[in-house]
Amino acid sequence: MSDSKSYRFQEIEAKWQKRWVENQLYRVDIQEDKPKYYTLDMFPYPSGSGLHVGHPLGYIASDIVSRYKRLNGFNVLHPMGYDAFGLPAEQYAIQTGQHPAVTTEANIKRFREQLDKMGFSYDWNRQVKTCDPNYYQWTQWIFSLFFTHWYNKNKACAEPIENLIAFFESEGNQNINAHSPYSERFTSNDWNAYGAEKQMEILNHYRLAFIDETTVNWCAELGTVLANEEVVNGVSERGGYPVIRKKMKQWSLRITAYADRLLSGLDTIDWSDSIKEIQRNWIGRSEGAEIDFNVSQTGHALRVFTTRPDTLFGATYMVIAPEHELLQDICSEEQRGSVIAYAEKAKNRSEIDRMADTSKTGVFTGAYAINPFTNLEIPVWTSDYVLASYGTGAIMAVPAHDERDFEFAKTFDLPITAVIKPENEEITLPLTEALSSKEGVCFESGFLNGLNVKDAIVKAIQEIENRGIGTKKINYKLREAGFGRQRYWGEPFPITYKNDQPELVKQLPVELPEVESYKPTGTGESPLAAVSEWVNSAEGMRETDTMPGWAGSSWYFLRYTDPNNLEAFASKEALSYWKNVDLYVGGSEHATGHLLYSRFWTKFLYDLGYLSWDEPFQKLVNQGMIMGEDGQKMSKRWGNVVNPDDVCEQYGADTLRLYEMFLGPLEDSKPWNTNGIEGVSRFLGKFWRLFYNNEAFSVTDEKATEEELKILHKTIKKITEDIPKMSFNTSVSAFMMCVNDLTSLKCHKREVLEPLLILLAPFAPHITEELWEQLGRTESIHTATWPDYNEDYIKENAFTYPVSINGKMRTQLTLPVNMNKEDVEKEVLANEVVLKWTEGKAPKKVIVVPNRIVNVVI
RNA sequence: GCUCGGGUGGCGGAACUGGUAGACGCGCAGGACUUAAAAUCCUGUUCCCAUUAGGGAGUACGGGUUCGAUUCCCGUCCCGAGCACCA
């Protein structure tokens, strides 16, 4: 807008966007003689509504870093693509009958047009689309690897299933330390005597991709199961539909094998504390013990998990989950009726209900177990406050030292025995609340008496192990990752079934067939099940589930290194040159989904020797949200969406880029303010006028003054320090100050302006390229060399001291920088303002911090 | 409830390792140029008192350490994010 006579941003931006494509300026290839840098944006899901100004925030930031790194001699990989499989396109297909591939392609086209207008330095030759068979055949291939590997805990590494089979043939499973829920023991003779079917069934419990009858989050409205992180507060993340728990045959990935490494790896990567914390909580590691309690007169033992074996003397009852497999076996005849009724009720209780209502319900099973430390009989109850899916599905209840147990004991009038008290303090009985603190000492606890909690835990576990009634145990909240969706628009599994046993399809890709209807069947089968000629293929009967949305995004960063490779997911050369992502920019909402799964897949591929690193994203930055002008989230619903196309049209891409960066720190959420953009727009106009006086190019070859060089070099220093910190808002102010100063000095000198152009080039690539050309440069500014700053130009020879009286600034005094403390003090005390305050009296104290401050205490 | 962030003018936000609080921009007020407008430029702008000079208060609130605290420590309140019967 500003000075449109001369700075015609629309012309300039279109001209350079076209020329950069023609010259393939952003194309990158392996250059062994140059250091690499890999900058990545979270690739978008191409939705029907296009981009709003919030989306490019992170893209602009990573583009600035990419350009900065290039100017500093790095070979920068900075790709973009599309996470193109997923529910919205399919929901749209159901409504309109249009093929998801068609609408997805149209959306991609629109996204691309929007992205192109903002002047990003993506190498579009490397674009990936997860719904492209050339891409998803490798997603299927990686799945095949999961299927054909197991996890060797001794080596903390995935290994081929053939190794495991060989082991079973020679030794059975007695000495194998695999990550597997399979608890039965067999010898080599047993194994060799098993039929092929039985063998396959056993192997299924060891494979890292396995099929199993599991409890899933079933969303009837969406007609599919959902992963744990796709369910929020008991309803589906997409659409907010109710989700119930249902048993279903289901593909899963054995992510729990990697729980420990996913946890410890967090210490080696540069991510925000909040994201690391979210992942730590999600993995949920807790140390404790598993202990067996014998159930009187049944011959059964109940195994519990506890983190507080030190409180075992206070375990006055037990609770097992309503879904616990021994429930029916241990319950007494008198209680059977009410136990079954309760279990049935609990089963049908929805997740929302369960979460909304935390009051305690339950039923006595009629069974008694023996507390192994007190040898007392304690009642066994069943209640839904004990989760079947965590630990062993059974607990020893210590009401005195656990809030939930306390509440339950109060509700059903069960005994409460305190065994831990705060050190050097007495407690009053009966307790009015649970003492759940991990501080304190044991009492009434036999051999544990007098020990503090920490030592008592160690000693209790020792005793438990000595008596052979349990072991030390580490438990995780992390569940296996459900990997099947009963939907159309996803990767088909490379799986067929023979006698109900899954087999791999060798010929990839297994392509998605055409279907009549995209509607979920509602029976729990995907729309693919209706395509009988596809299901009953020559290769066998196909799996009709498809993979979840996160399958393709779990490894896309690897494909960018070599996107068109037909022989491999990426070549060894490409992977060993580009390695992992140096800087990953994206939203924090993927903390427990994409970011965790990508780490998991990377570690797995590392185990198999395909990668030489085991963390995909070395540094992660989460950009904040840009809100609407009304402070609400930007969405169609509120009618507050600002479209980047419109901003580019009105102010230009360079202004948009600068303004988004100027808005505030990258990580913060902040509202869009249309007025604010004028300031940045004016700045670029002012910048332009350093080069142009109306239509006349007015740059001179005059020698720069000391003052001008000082301004320039201060700016070089500031920008060079800010970009690696990603402090772009302060960079933009530094540019503004620099341009204001140069304007006041009427400086139009090439010696100053040329380096300044390079500094601004990562932020505003078009205007700088245009002016660079006007300066007579024939090579692109984006291939120039970043300027160094010279301390000599920045050095001051005088410093203006703020002079404080009792810590409050009263006057200023300019003195030479090399003046010693004593002389500074003398000068200050002779100052008339200071004399006024001291009233002739000697000050109590004078603090002189050279070239900082003077404080006079009176 | 627990964990992690955060609270600075009318607004977005700056402030190195404890050293001039409010940079830069928006907005607002006044002015210059112009027949007029746009564009551009200049001046002022934390609040209160004062014509000025100047003074007082001030970084959510209350205390503390220090010559000096937005910054460090303790307590309280509020906002945001995450977790939420995980034994």
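This is a predicted model: local features need pLDDT of at least 70, side-chain atom pairs count only at pLDDT 80 or more; totals for chains, interfaces and linings use all residues.
**Entry 1**

I started with an open sheet of three strands, and I read its order as E11-E10-E18, with antiparallel pairing. A reminder to myself: strands of a sheet pair through backbone hydrogen bonds, either parallel or antiparallel. Which strands sit at the edges? I found E11 (301–306) and E18 (470–475) there, each pairing on one side only. From one strand to the next, the twist averages 30°.

Next I looked up E10, residues 286–294, which pairs with E18 over six bridges in the antiparallel sense. I picked out one residue, Glu287, and its bridge partner in E18 is Ile474. I also noted helix H15 (residues 453–466), which lies across E10 and E18 and runs at about 125° to E18.

**Entry 2: around the RNA**

Then I turned to RNA strand B, which has 50 residues around it. Which come nearest? They are Thr307, Tyr390, Arg404, Leu663 and Arg682. Of the RNA atoms that come within 4 Å of the protein, sugar and phosphate account for 62%.

I looked up contacts to the bases too. Polar side-chain atoms of Lys360 and Gln812 each lie by a base oxygen, at 2.6 Å for Lys360 and 2.8 Å for Gln812. Leu387 uses a polar backbone atom instead, 2.9 Å from a base nitrogen.

Which element gives the most to the surface near RNA strand B? It is H25, with six residues. E11 from my first entry is among the elements that give two or more residues. By class, I noted 19 nonpolar, 15 polar and 16 charged residues on this surface.

Definitions and conventions. Residues are numbered from 1 along each chain as its sequence is written. Chains are lettered from A and ligands numbered from 1 in the order in which they are written. Side-chain values use heavy atoms; hydrogens and water are left out. Two strands pair if DSSP finds at least two bridges between them. Helices (H or I, at least four residues) and strands (E, at least two) are DSSP runs, numbered from the N terminus. Axes are lines fitted to C-alpha atoms, for helices over the stretch in contact, and angles run from 0 to 180 degrees between N-to-C directions. Contact means heavy atoms within 4.5 Å. A residue is near a molecule or strand if one of its heavy atoms lies within 4 Å of it. A polar contact is a pair of N or O atoms within 3.5 Å; within protein, one must be able to donate a hydrogen and the other to accept it, and residues adjacent in sequence count only if both atoms are side-chain atoms. Ala, Val, Leu, Ile, Met, Phe, Trp, Tyr, Cys and Pro count as nonpolar, Asp, Glu, Lys and Arg as charged, and the others, Gly among them, as polar.
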